[in-house]
Amino acid sequence: MNKLIEVKNLRKWFQVGKGLSGKREVLRAVDDISFFINRKEVLGLVGESGCGKTTCGKMLLRIIDPTSGSIFFDNEEITHLNKSEMRPFRRRMMIIYQDPYGSLDPRMRIGEAISEPLAVHNIGTPKEREERVIQLMEKVGLSADQINRYPHEFSGGQRQRIGIARALATNPEFIVADESVSALDVSIQAQIINLLKELQKEFGLTLLFVAHDLSVVKHISDRVAVMYLGKIVEMGEKKYLFRDPKHPYTQALLSAIPIPDPKQRKQQEIIMGDVPSPINPPKGCRFHTRCPEVSDICKLEEPPLIEIKPNYFVVCHKVS
């Protein structure tokens, strides 16, 4: 298939405060990951809070600059493009933020908020922009007579619909949905997920869906990448990952998904201990301090990326 997004050996290290030694410490938020997203595909990026998912998504959009590695958009490397060179790509890639209220200017009417990307990229006349805004509002389930209202007059689910409409304004090819339903009630989550799924198919969007809830990711994604402490530990087609996960971390995450039938029970695999600090990650496999299947080699050597079937990758010594 035709790749729209590809990243190679991507890293983002942040300089943080001084440690006991007096030297500046480095937080390894994203540490050497590689993956691709095909056109019109949804890649779910999942993992615990602090694993680097959001940082990864923002690097793909060049909201955050990477420390090292390469980012390709439509076969063109955009890693080191400056602000003016990035401008033609900006209208082709958008983001839906986690907090639907925090991402909207409370002083700006929603019609203005949705049309803002059109104005920034000088797309259409004022009349054409207004028509586009009304079209998008109706597309995401809002009424055109709400165009002059302010964000505080809407519910959380409606605000997220506004965020989705704004992300679609420039007719982008690629969207990063950054925990876009995690702040919403469960019933509203389902509505927004179904809306995103419908819009993705209708507009042929390529989507990076960032989440910590595997059950939500399962519903919308074509492929899934599982992150742990700045690394991708397992990645492949959804049907294989959910049916037969190979990495102990993925297995534990899947076992934690609740079953809606109270008559059914399943064995939950408990992950012991806390996530290590990304400032001082463990030597060897980063998951070995919490892994129930740890062996000596896991503590000494970082496992290689193994392709166990076409386009299905695992980072684990037990499958190497």
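Predicted model: local features only at pLDDT ≥ 70, side-chain atom pairs only at ≥ 80, totals over all residues.

Student: Fine. At what angle do H3 and H5 pack?

Tutor: Helix H3, residues 110-120, packs against helix H5, residues 156-168, at an angle of about 30°. Their axes are 7 Å apart.

Student: Why are they called roughly parallel?

Tutor: Angles under 35 degrees count as roughly parallel, and H3 and H5 are therefore described in that way.

Student: And is the crossing left-handed or right-handed?

Tutor: H3 passes H5 in a right-handed crossing. On the H3 side, the contact is made by Ile110, Ala113, Ile114, Glu116 and Pro117. H5 contributes Ile162, Ala165 and Arg166.

Student: What lines the largest one?

Tutor: Its lining includes Tyr228, His247, Cys285, Phe287 and Glu302. Strand E10, residues 231-237, gives the most to this lining, with three residues. By class, the lining of the largest cavity has seven nonpolar, two polar and three charged residues.

Student: And which residues line the second largest cavity?

Tutor: They are Ile95, Ile96, Tyr97, Ser103, Gln160, Gly163 and Arg166. Strand E6, residues 93-96, and H5 are the elements that give two or more residues to this lining. H5 supplies the largest share, three residues. Arg166 also belongs to the contact between H3 and H5.

Student: What about open spaces: what is the volume of the largest pocket?

Tutor: About 530 Å³ of space lies in the largest pocket. It is lined by 16 residues, and Arg90, Met93, Met94, Pro117 and His121 lie nearest its centre. Pro117 is also one of the H3 residues in the contact with H5.

Student: Which element gives the most to that lining?

Tutor: Helix H2 does, with four residues. H2, which spans 83-90, E6, H3 and H5 each supply at least two residues.

Student: How does the pocket lining divide by class?

Tutor: The lining of the largest pocket has nine nonpolar, two polar and five charged residues.

Note on methods
Residues numbered from 1 in each chain as written. Heavy atoms only, no water. Axes fitted to C-alpha atoms, helices over the stretch in contact; angles between N-to-C directions. Parallel < 35°, antiparallel > 145°, perpendicular 65-115°, else oblique. Left-handed = near helix turned anticlockwise from the far one by under 90°. Contact = heavy atoms within 4.5 Å. 1 Å grid on protein atoms, 1.4 Å probe; cavity = no way out; pocket = protein on both sides within 12 Å on 5 of 7 lines; lining within 4 Å. Nonpolar A, V, L, I, M, F, W, Y, C, P; charged D, E, K, R; others polar. Points joined across faces, edges and corners; volume = space filled by probe spheres on them.
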